Amino acid sequence: MAEIAYWEAIRRAHDEEMAHDPLVIAMGEDIGVAGGTYKATSGLYQKYGSERIIDTPISENSYTGIGIGASMAGVRPIIEIMSINFALLALDTLINAAAKIRYMSGGRVSCPIVMRTPGGTAHQLAAQHSARLARMFMSTAGLRVVTPRGPLDAYGMLKSAVRCNDPVIIIEHESMYNMRGEVPDHEVFRPLEGAEVVRTGSDITLVGYNYSVHLCLAAAEKLASMGVSAEVIDLRALKPIDRDTIRRSVEKTHKVVVAEEDEAAVGVGAEIISVINEECFFALDAQPVRVHAADVPVPYARQLEKAAIPNADDVLAAALKVLGRV
Amino acid sequence: MNRDLLRSLVYDMLLARTFEERAAQEYANGRISGFLHLYPGEEAVAVGVLHAAEPADYVVSTYREHVHALARGISARQIMAELFGKKDGVSGGMGGSMHIFDGTRRFMGGYAIVGETFPIALGVGYAIAYRGLPEAVICFFGDGAVNQGTFHESLNMAALWRIPILFVCENNHYQIGTEIHRHSAVADIHKRACGYAIPAEKIDGMDVLAVYEAARRALDAIRNEGGPRFLEFETYRFRGHSMADPGAYRPAAELQAYLHDDPVDSVIRAAETADPTPGKQAPIRAQGSPPSPFRGPAWESLTAPDIESLRAEAAAVVDDAVRFAEASPAPTMEDAWHAFRRNRMPDGPSAP
Ligand SMILES: Cc1ncc(C[n+]2csc(CCOP(=O)(O)OP(=O)(O)O)c2C)c(N)n1
Ligand SMILES: [Mg+2]
């Protein structure tokens, strides 16, 4: 068991899957000769060559489409989009084609692509480089959407995604590539669905995904020092959502806070609270609360960016509100 | 007149270099954050083109746009304050380095999504044509941007509808770490404009005088004959793609060769050279092309002390800009809401 960085975990998954199956290729801007913006493919160009690690022009919609076409003809492409903001340019091929090809063909043709892309705010990247947008992909039938919170899932979910016959969107995070965590030395496949209880507790449930799991964990730590036992759920997959794990937890704690880095409207929190309404409304003791970003494009100025984006203290404050302790 | 123009070009080149190098220092000092894309090496393009433009012309630019903004006359103070994320920044601290806007100077923004500027600039041009005004829009973009579908779509519509737009390609040979021959099937970018019947030229983008003349010709043609024009300027960035990129993928010899051709040094050399002298005459021009404003009887050189005083002035302006940016207050969340909501109603009072 070694402690490795998130980017190293992704790199290892690429390497293993490419070694395992000669039909696996990767494409994206600067992933080859330059080694990748996040180093997630570093050294692989030298190892696998330019036909398998493909440096693309800035043509997101078209190279995503190329990935889709190649996947329909037997190749298994992993597409890196440098930032989720640029994935917006590929929405046509992704949503109009990838998500629907199996369905439109009556189940006869599959489209096994993987798209990896970081969402999230980092350090003052400003309005056009700070989108989160998970909510947009999770609302599209026909896509799988997963959100690894650390190196183990980043590694094991990418491996599973490559072998999965559905189109899978892996949403990484600008601020997590250097985060370290343990990954076993032997090969591991992590499931593409199913939430995980990452901290057990009995008084309140904090739900997060990707980066916001870490905000929940930090808030749970503070709550523990105040004598409150918080359970933390990492959703792991935003599509499909694991309703059972959420229900079981809420039936135990009767209180819930959902933390998302994105704006609230039509978002993860809205979806989770709807699931709770449908699954276990009468188990609730208090109104659920969403922690989310301010409803503005992300400002550049440092203090404003901080003010606009939720942090662990915001999750703590929401929890105390739900607990009736403020 | 010509001497004033020359002086102003030299000054803007010096200001551009000084401003950008100072921005790099302030980034290292932690006073600027986020992505910072600098322009050293490419100054001649923005400075030359924008000196050829009229104040009523519009500009649409990229995330590497500080120098375009300076050359448009936006103050170094306001730009530096924006880089510092301060309230007195030209975008109020909301936009940062990549999103400089100044409606009063028709600077319609720096954009960070590669390729989105083509249709936006085209729309500005459409509005100009629709309103029958003698104006043009200048759209700056890099060599990497021409592989986005919007480029081809926009060139087609620009030609089809005879939009008064000047496409300005800043060909610095790199799309971050990917060299042009690895991202473009046709590396002579101006040739792509031929496919849409847009008159296009390739110009040495390290020579601000050549840039100025080419832009002048193109803008005159847009105003007199109508329709789009396309200029490709060959240039080079001396630094990495952004402050986060050391630029290690570039051969050292290549960088050295371009450093040798530094556009700031070149214009200073040219400005100090007395002209006309028999050996320095401009090449005979093709019949019908307008006379160069830099060559001929009215040409006068600048002296070394002239240059030194311009250099000192640029340094003082940048120092002052940093002091101004430091002293400016940080914007508040109230300012953010205000930025988002102001000017909502075309005729009524703006919302709080
Ligand atoms: C749609 C989109 N894809 C990718 C990026 C990331 N990116 C930013 S700049 C850049 C390279 C642009 O190269 P070029 O157009 O030559 O401009 P230069 O930076 O060289 O001035 C890339 C790939 C982006 N900002 N937008
Ligand atoms: Mg370039």
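Me: Which radius of gyration does chain A have, and what would a compact globule have with 326 residues?
Reply: In this predicted model, chain A has a radius of gyration of 20 Å, which agrees with the value near 20 Å for a compact globule of 326 residues. The radius is taken over C-alpha atoms, and the globule rule is 2.2 Å times the number of residues to the power 0.38.

Me: What box do the C-alpha atoms of chain A fill?
Reply: Along the principal axes, the box is roughly 60 × 45 × 40 Å.

Me: How many helices and strands are there in chain A?
Reply: Chain A contains 13 helices and 14 strands. These are DSSP runs, numbered from the N terminus: helices are H or I with at least four residues, and strands are E with at least two.

Me: What percentage of chain A is buried?
Reply: Buried residues are 62% of the 326 in chain A. Buried means under 20% relative accessible area, exposed means over 50%, and partly exposed lies in between, with a 1.4 Å probe and protein chains only.

Me: Changing topic, which protein donors does the magnesium ion (ligand 2) have?
Reply: They are Asp143(B) through OD, Asn172(B) through OD1 and Tyr174(B) through O, lying 2.1 Å from the ion. Donors are N, O and S atoms within 2.8 Å of the metal (3.2 Å for Na, K and Ca); water is not among the atoms, so sites may look incomplete.

Me: Where do Asp143(B) and Asn172(B) lie in chain B?
Reply: Asp143(B) is in the loop between strand 3 (137-142) and helix 6 (149-160), and Asn172(B) is in the loop between strand 4 (165-171) and strand 5 (174-175), so the pair ties together parts that are 29 residues apart in sequence.

Me: Is Asp143(B) buried or exposed? And Asn172(B), buried or exposed?
Reply: Asp143(B) counts as buried because its relative accessibility is 1%. Asn172(B), at 6%, also counts as buried.

Me: Next, where is Ala76(B)?
Reply: Ala76(B) belongs to helix 4 (residues 76-83) of chain B. With 7% relative accessibility, Ala76(B) counts as buried.

Me: Which residues is Ala76(B) in contact with, leaving aside its neighbours within four places in sequence?
Reply: Those residues are Phe19(B), Leu70(B), Val317(B) and Ala321(B), where contact means heavy atoms within 4.5 Å.

Me: What conventions apply here?
Reply: Residues are numbered from 1 along each chain as its sequence is written, while chains are lettered from A and ligands numbered from 1 in the order in which they are written. In this predicted model, local features need pLDDT of at least 70, side-chain atom pairs count only at pLDDT 80 or more, and totals for chains, interfaces and linings use all residues; side-chain values use heavy atoms, with hydrogens and water left out.
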